[in-house]
Amino acid sequence: MADWSKLPDDLLKVIAKRLNSAEDYASFGAVCKSWYSIFGDKDCGGSGLKSPWLMLAEKKDSDMRQFYSPLTSKVYEIPVPEATGKWCWGSPHGWLVTLGTHFEMALLNPITGIHIPLPSLHACLHLNVPEKSQSSDVFIYKAVLSSSPSSPECAVMIIYSDYGRLAFTKPSQQTWTLVESEDGPVEDIIYFDGSFLAVNMAWEVWMYDVSGSEMKVSHPEFHRCDLCYYFTI
């Protein structure tokens, strides 16, 4: 009888990169320790999921987190101790952006357990991070991930402070870069087609391309018709 635990790592990585659902990842990792260890490679961390899970609210005094699968209409419960007591933002790449009570931020894959620390917010003096005794979730309002950490262009952009300011970083960097803006507080941000898009209270939209060594900023043209508003990018 074949010993499936002896399959070469290179072959297991090829299989892991072809998995399409979170259920497949959970089943793959449950086969044996050698198969689960493949997820230690961030390139096999679920960036190609076509049917992501929705993480439900945290239960008090528990490291277990529940995830709803739109594919099967089932709720799965798995241990995610690295997310306990932390503010979490999801992404379409299988990763979470987490924020702790002392303003520590990280990228976390809840299925594989891979944890990638981001630069300390306290290391960037211009962010004016509050004292640790204050609540972190009322200082960082949103975090958006551009791609899987396996990409060299992976970046995280945040909306921070009551003034709706922006900053971004990359896992390979040691600090956060502030995005200067004189156009009022930012209300929301998303990532689309290679750029972060931010909208302010005046419905003005700005595009930020941080893929290169220097950030590129553009301002899409705004149009209005009888039934809708749209932008030309």
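This report walks through a few local features of a predicted model.

Let's start with the strands. Strands of a sheet pair through backbone hydrogen bonds, either parallel or antiparallel. In this model, four strands make up an open sheet, and their order across it is 8-9-10-11, with antiparallel pairing. At the edges you will find strand 8 (140-145) and strand 11 (177-179), each of which pairs on one side only. If you look at how neighbouring strands of this sheet lie against each other, they are turned by 25° on average, direction ignored.

Now take a look at one pair. Strand 10 (residues 165-169) is joined to strand 11 by three bridges, in the antiparallel sense. To find your place in the picture, look for F168, which stands opposite T177 in strand 11.

## A buried loop residue

Between strand 9 (156-160) and strand 10 runs a loop, and S161 sits in it. Is S161 buried or exposed? Its relative accessible area is 10%, and buried means under 20%, so S161 counts as buried. Leaving aside residues up to four places away in sequence, S161 touches F139 and Y141.

Next, move to helix 2 (residues 22-29). Which of its residues are buried? They are A22, E23, Y25, F28 and G29.

Two of the partners are helices, namely helix 1 (9-16) and helix 3 (33-36). The others are strand 2 (64-69) and strand 3 (74-79).

## Two residues with positive phi

Phi is a backbone angle worth checking as you explore. Most residues other than glycine have a negative phi. Here are two residues that have a positive value instead. D61 is not a glycine, yet its phi is near 60°. F103 is not a glycine either, and its phi is positive at about 65°.

Where do these residues lie? D61 belongs to the loop between strand 1 (54-55) and strand 2, while F103 is found in the loop between strand 5 (96-99) and strand 6 (105-108). Their surroundings can be compared through accessibility. D61 has a relative accessible area of 76%, and the cut-off for exposed is over 50%, so D61 is exposed. F103 has a relative accessibility of 1%, so this residue counts as buried.

Terms used
Residues are numbered from 1 along each chain as its sequence is written. This is a predicted model: local features need pLDDT of at least 70, side-chain atom pairs count only at pLDDT 80 or more; totals for chains, interfaces and linings use all residues. Side-chain values use heavy atoms; hydrogens and water are left out. Two strands pair if DSSP finds at least two bridges between them. Axes are lines fitted to C-alpha atoms, for helices over the stretch in contact, and angles run from 0 to 180 degrees between N-to-C directions. Buried means under 20% relative accessible area, exposed over 50%, partly exposed in between (1.4 Å probe, protein chains only). Contact means heavy atoms within 4.5 Å.
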